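Please view the sequence and the structure together, and then read the sections in order.

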Amino acid sequence: LLEKHPGWLLAFKDSETQKALTERFSLEEKEYWHGQIAKLLFRELLPNDVQKSKMVADHLYNIQNDVEGCRLLLNAAITLSRTNSFTTALTYYQKIFDDLSKIKSSEADTLFIETALKYSEIYSGRRDPEKARAIFLEAIAKAQRLGLRKELSLIQTYLAFTYYCQSRYGR
């Protein structure tokens, strides 16, 4: 059914078999298997490089992630940020925010705050300031609720920077 390609890549031998098997799975089953494959790739592939991060993220990007899946996706976003793949990293950050916003727990809120801080490291201030403000405001609310004063101060600083950039450069 599958053939091995270089670097842990497995692919179906023919597209008809892939299509037939894919159609048999429900959406929930597809999400489950994407999550399992991503976790396996993350655990088994060393070192943590761009190719590994991209492979893991490709599976996680298309499903609703739990907190663990969001952590794996955050790792991919951070890795891609370090290689100047900012557009892809920003896409992953947005996916993390979307997924974590649907999870009601202090663990998810803490990861949302951590993700907002990492996001702020690559956010330019001029790219989609409305979206950035919404992210920072949600992170501020979560940090206040959790009593995370240091994180709250940092996020408030990034929010102020966003307002500054908008007033300075328009949008």
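## Terms and basis of the model

Axes are lines fitted to C-alpha atoms, for helices over the stretch in contact, and the angles between N-to-C directions run from 0 to 180 degrees. With this convention, helix α3 (residues 50-60) and helix α4 (residues 67-82) pack at an angle of about 140°, and their axes are 9 Å apart.

The model is predicted, so local features need pLDDT of at least 70 and side-chain atom pairs count only at pLDDT 80 or more, while totals for chains, interfaces and linings use all residues. Residues are numbered from 1 along each chain as its sequence is written, and side-chain values use heavy atoms, with hydrogens and water left out.

## Overall composition

The protein chain has 8 helices and 2 strands. Helices (H or I, at least four residues) and strands (E, at least two) are DSSP runs, numbered from the N terminus. Read from the N terminus on, the elements follow the order β-β-α-α-α-α-α-α-α-α.

Of the 171 residues in the protein chain, 37% are buried. Buried means under 20% relative accessible area, exposed means over 50%, and partly exposed lies in between (1.4 Å probe, protein chains only).

How are α3 and α4 oriented towards each other? The two helices are oblique to each other. Angles under 35 degrees count as roughly parallel, over 145 as roughly antiparallel, 65 to 115 as roughly perpendicular and the rest as oblique. The crossing of α3 and α4 is left-handed, a term that applies if the near helix is turned anticlockwise from the far one by less than a right angle, with right-handed used if the turn is clockwise. K52 is found in helix α3 and, at 5% relative accessibility, counts as buried.

The axes of α4 and α5 come within 8 Å and cross at roughly 160°. These helices are therefore roughly antiparallel to each other, and their crossing is left-handed. The loop between α4 and α5 contains N84. This residue has a positive phi of about 65° although it is not a glycine, and N84 is exposed, with a relative accessible area of 57%.

## Salt bridges

Side chains of opposite charge can pair when their charged atoms come close. The structure holds 8 salt bridges, a salt bridge being a side-chain nitrogen of Lys or Arg within 4 Å of a carboxyl oxygen of Asp or Glu. One of them joins K95 and D99, whose closest N and O atoms are 2.9 Å apart. Because K95 and D99 are 4 residues apart in helix α5 (residues 86-101), about one helical turn separates them. K95 counts as buried at 13% relative accessibility, and D99 is buried as well, with a relative accessible area of 1%.

A further salt bridge links the side chains of R145 and D109 (3.2 Å, N to O). R145 lies in helix α7 (residues 129-146) and D109 in helix α6 (residues 106-122), so the pair ties together parts that are 36 residues apart in sequence. R145 counts as exposed at 54% relative accessibility, whereas D109 counts as buried at 9%. In another salt bridge, the closest N and O atoms of E138 and K142 are 3.6 Å apart. E138 is partly exposed, with a relative accessible area of 28%, while K142 is buried, with a relative accessible area of 6%. Both residues lie in helix α7, 4 residues apart, about one turn of the helix. Salt bridges that share partners join D109, E138, K142 and R145 into one network.

## A nonpolar surface patch

Which residues form a nonpolar patch on the surface? F25, Y32, W33 and I37 do so, with about 400 Å² of accessible area together. Patches are made of residues with over 30% relative accessible area and no salt bridge, where like charges are joined within 9 Å and nonpolar side chains (Val, Leu, Ile, Met, Phe, Trp, Tyr) within 5 Å. Accessible areas come from the Shrake-Rupley method with a 1.4 Å probe, and for residues only the protein chains shown count as cover.

Within this patch, Y32 has its place in helix α2 (residues 27-44). Y32 is partly exposed, with a relative accessible area of 45%.
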